[in-house]
Each structure stands twice: as C-alpha cells, then as structure tokens.
Amino acid sequence: MPRRLLAIILIAALTISPLMAEAELSYEPYGEEEFPIWTMKLRRAESIFFGSMVITFPVAMLAWNLMEYVGWVGAESPIEAFGWQLLMAGGLSLTISTADWIIGEVRGE
C-alpha cells in the first residue's frame, strides 16, 4: 500500500506541476543594474579559467612528460602524475584569469 501511495503522489506531482505553470512567452534581457559589477567580473573570470583549461591541460601534460623524460620529476603512480598535471594546468589557468582581471582593472572596464 505505501508503494502505491508514493507512486500516486509522485505521478501527481510530476504531471500537475507542468500543467499549472505559466509559460513565459517573451524574453527580457538582463538590465545593466540587475546584477552587481563584482558578480559580472567573477563570471568573466570563471569563464576564462575553465575555458583556458582546454589549452593549459595539454600544455601541462606535455611539460610534465618532458620534465619526466629529462629526470627532473617523477611520480609513483599515474594518478599522482595526473594530479600534478591538473595542478599545473589549474595554476596556468589561474594566471591567465588573473592577468585578464588585472588588464581589465587597468583599462577601467
């Protein structure tokens, strides 16, 4: 009995809520004063950080493999090597994101 009652409640919740919702037929873009400036800067930094990871991770992997070939670094397991590569890529992405923020502050954007 409790399973049937739970199933009926779930079905009712999943079918009634879309029927009662109002459709928004027009799109309004965000206004200039809708969000604080710091949130827009944070959003830009986040987008640049994660967007640059696409480039910095292969660069970090290549640099790690070259340093390992020369003998400067070594890892006990592939997971440890992956962790170091991820840290290198994150540091590079953070540098890129911070440089973009500094350039934006100097230009006054």
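**From the chain to its residues**

The accessible surface of the chain comes to about 9600 Å², and 70% of that area belongs to carbon and sulfur atoms. The model is a predicted one. Buried residues account for 12% of the 109 residues in the chain.

The secondary structure consists of three helices and zero strands, and reading along the sequence gives the pattern α-α-α. The radius of gyration of the chain is 24 Å, whereas the globule rule gives 13 Å for 109 residues; the value is well over that figure, so the chain is more spread out than a compact globule. Taken along the principal axes, the box filled by the C-alpha atoms is roughly 65 × 50 × 20 Å.

The aromatic residues come next. The structure holds two aromatic pairs. One of them is formed by phenylalanine 49 and phenylalanine 50, with 5.0 Å from centre to centre and 85° between the planes. This pair is edge-to-face, because an angle over 60 degrees counts as such. Phenylalanine 50 has a relative accessible area of 54%, and it is classed as exposed because this value is over 50%.

Phenylalanine 57 and phenylalanine 82 form an aromatic pair that is also edge-to-face, with centres 5.7 Å apart and planes at 70°. Phenylalanine 82 is partly exposed, since its relative accessibility is 41%.

Helix α2 also contains alanine 60. With a relative accessible area of 1%, alanine 60 is buried. Leaving aside residues up to four places away in sequence, alanine 60 touches Gln85, Met88 and Ala89. The C-alpha atoms of alanine 60 and tryptophan 84 are 8.8 Å apart in space, although the two residues are 24 apart in sequence.

Serine 47 is likewise placed in helix α2. Its relative accessible area is 38%, so serine 47 counts as partly exposed. From serine 47 to serine 97 the separation is 50 residues in sequence and 8.7 Å in space, C-alpha to C-alpha.

Arginine 43 lies in helix α2 as well. Arginine 43 is exposed, because its relative accessible area of 54% is over the 50% limit. Between arginine 43 and isoleucine 96, which are 53 residues apart along the chain, the C-alpha atoms are separated by 14 Å.

Definitions and conventions
Residues are numbered from 1 along each chain as its sequence is written. This is a predicted model: local features need pLDDT of at least 70, side-chain atom pairs count only at pLDDT 80 or more; totals for chains, interfaces and linings use all residues. Side-chain values use heavy atoms; hydrogens and water are left out. Helices (H or I, at least four residues) and strands (E, at least two) are DSSP runs, numbered from the N terminus. The radius of gyration is taken over C-alpha atoms; the globule rule is 2.2 Å times the number of residues to the power 0.38. Buried means under 20% relative accessible area, exposed over 50%, partly exposed in between (1.4 Å probe, protein chains only). Accessible areas come from the Shrake-Rupley method with a 1.4 Å probe; for residues, only the protein chains shown count as cover. Rings of Phe, Tyr and Trp (its six-membered ring) pair if their centres lie within 6.5 Å; planes under 30 degrees apart count as stacked, over 60 as edge-to-face and the rest as tilted. Contact means heavy atoms within 4.5 Å.
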